[in-house]
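Colleague: I'm new to this one and would like a close look at a single part, with enough of the surroundings to find my way. Could you walk me through it slowly?

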Amino acid sequence: MSQEYSVKPKKNELSKTRGGLLHALIEGDQLTASRLVNTAISERWEPSSVYVHLIGHCLAEIGARWHAGDLAIATEHRATQMALRLLGNAQQAYVNGKRVGRRAVITSVEGDTHLIGGLTFADLLRFEGWDVDFLGADTPTDALVELVEKDSPDLVGLSVTVEKFIPNVSKTVRAVKRLQNPPVIVVGGELMANNPILEADFCSEDAVKAVDWVQKHFDLNESSVTLEVLLSDLGERIRRLRKDRGLSQQGLASQANVDRSYLSAVENGKQNVSFATLKGISDALDVGIAELISKEWPFG
Ligand code: B12
């Protein structure tokens, strides 16, 4: 994911936004719900905080209240539709990651109509630069197998929410694995905490953990990030911090004791920097070196 959106909200901030969103979803107040999610995104919350810890969390709470008989089914349905719109807008706001040349097909398993968990995993992968086909819910096993045979994706993600459909997952995994050059298969959904599917390559109740596993499995983690990308990210962070502080390139260059043209090359990711230069720039920007090179954003 782009360094731009890597803020983990503070606990109290998350819980306040959750409270507001839960209320808006229950009341059918789309305007307030959109405003809360848009604010979180404009404050550069990482996608998983918005998808899982904010929207997903509110849906689970609404489900629990509906299950307990405290909410009408129509209220739950309306909240789900609102959440789908919020997620659609979030997907537009977060830019897809730089393409990594890998393809995934994600769907809920045959019979299962819950689609938000699979959609969450699909979008989190998109933000990591994957090309993703999201098929939605309840895809018949035969249709999925046919598509996988035709398109040969690198990864298939299956979502299952309702216990009685677990046998459909095993059936689907076996059918896909019988293909020539079968893809990697990841199964997700809350039930996976206690009912892992043995034939799958990875199972998890947590979409973020699954994305991590996938990135490692396909060797797409930061260790494989090139120096070029690291320097370009560093340059972008320096430029943003400089602008935040209302400094011109010349102003920062003077304070950091470097030439303006040198600083311009650094900001454009075209210049490798020594530790001494990094220290000069970080002092002038009034941030620690660790913050300057960390993924967290924004700092201070
Ligand atoms: C919205 C909802 C619905 C909507 C679904 C709308 C839609 N298009 O998605 C509707 C109203 C259609 C619905 C129907 C039903 N539902 Co419902 N529903 C929910 C609710 C409230 C929210 C689900 C949700 O979207 N959560 C938010 C997402 C983000 O969470 P998640 O799905 O768990 O996903 C996370 C992880 O599990 C994981 N993950 C999920 N999928 C995948 C896939 C991969 C590949 C990976 C890596 C990770 C991953 O990542 C996500 C983020 O970390 C839940 C309550 C709850 N506790 O979740 C009940 C709930 C899931 N429903 C339930 C039930 C029983 C039903 C019905 C059977 C009710 C009925 N009697 O008709 C039907 C199912 C019909 C069917 N054939 O499927 C039960 C399931 C119990 C069970 N485990 O068997 C729940 C838990 C409610 C309850 N407390 O009883 N439901």
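Where in the chain is the place of Asn181?

Modeller: Asn181 is in the loop between α7 (166-177) and β4. Those labels follow DSSP runs: helices are H or I over at least four residues, strands are E over at least two, and both are numbered from the N terminus. Residue numbers start from 1 along each chain as its sequence is written. Bear in mind that this is a predicted model, where local features need pLDDT of at least 70 and side-chain atom pairs count only at pLDDT 80 or more, while totals for chains, interfaces and linings use all residues.

What makes Asn181 worth a look is its backbone: phi is near 45 degrees, a positive value in a residue other than glycine. For context, most residues other than glycine have a negative phi. Asn181 counts as exposed because it has 6 C-beta neighbours inside 10 Å. The cut-offs, with C-beta atoms placed from the backbone, are 20 or more other C-beta atoms within 10 Å for buried, 12 or fewer for exposed, and partly exposed in between.

Asp286 also has a positive phi, about 65 degrees, without being a glycine. You'll find Asp286 in the loop between α12 (275-285) and α13 (289-293), and it counts as exposed because 11 C-beta neighbours lie inside 10 Å.

β4 (184-188) supplies at least two residues to the shell around the ligand, and so do α3 (47-67), α4 (73-93), α5 (116-127), β3 (155-159) and α8 (207-217). The shell has 38 residues, and Gly188 is among the closest, along with Gly56, Gly63, Ile116 and Gly117. α3 gives the most, eight residues. By class the shell has 15 nonpolar, 17 polar and six charged residues; Ala, Val, Leu, Ile, Met, Phe, Trp, Tyr, Cys and Pro count as nonpolar, Asp, Glu, Lys and Arg as charged, and the others, Gly among them, as polar.

The protein is divided into domain 1 (11-93), domain 2 (103-223) and domain 3 (225-293), with bounds from an automatic or database domain assignment. At least three shell residues come from each of domain 1 and domain 2. The centres of domain 2 and domain 3, taken over C-alpha atoms, are 41 Å apart.

One more shell contributor is α5. Of its 12 residues, 11 are buried, including Gly117, Phe121 and Arg126. From first C-alpha to last, α5 reaches 16 Å, close to the 16 Å expected at 1.5 Å a residue, where the expected span is 1.5 Å times one less than the number of residues. Just after α5, Gly129 takes a positive phi of about 95 degrees.

α5 also belongs to a right-handed β-α-β unit with β1 and β2; right-handed means that, with the strands pointing away from you, the path from the first strand over the helix to the second runs clockwise. β1 (residues 103-108) and β2 (residues 131-134) pair in the parallel sense over four bridges, pairing being at least two DSSP bridges between strands. One of the bridges joins Ala104 to Val132 in β2.

To place all this, the protein has 13 helices and five strands, and 34% of its 300 residues count as buried.

Note on methods
A residue is near a molecule or strand if its C-beta atom, placed from the backbone, lies within 6 Å of it.
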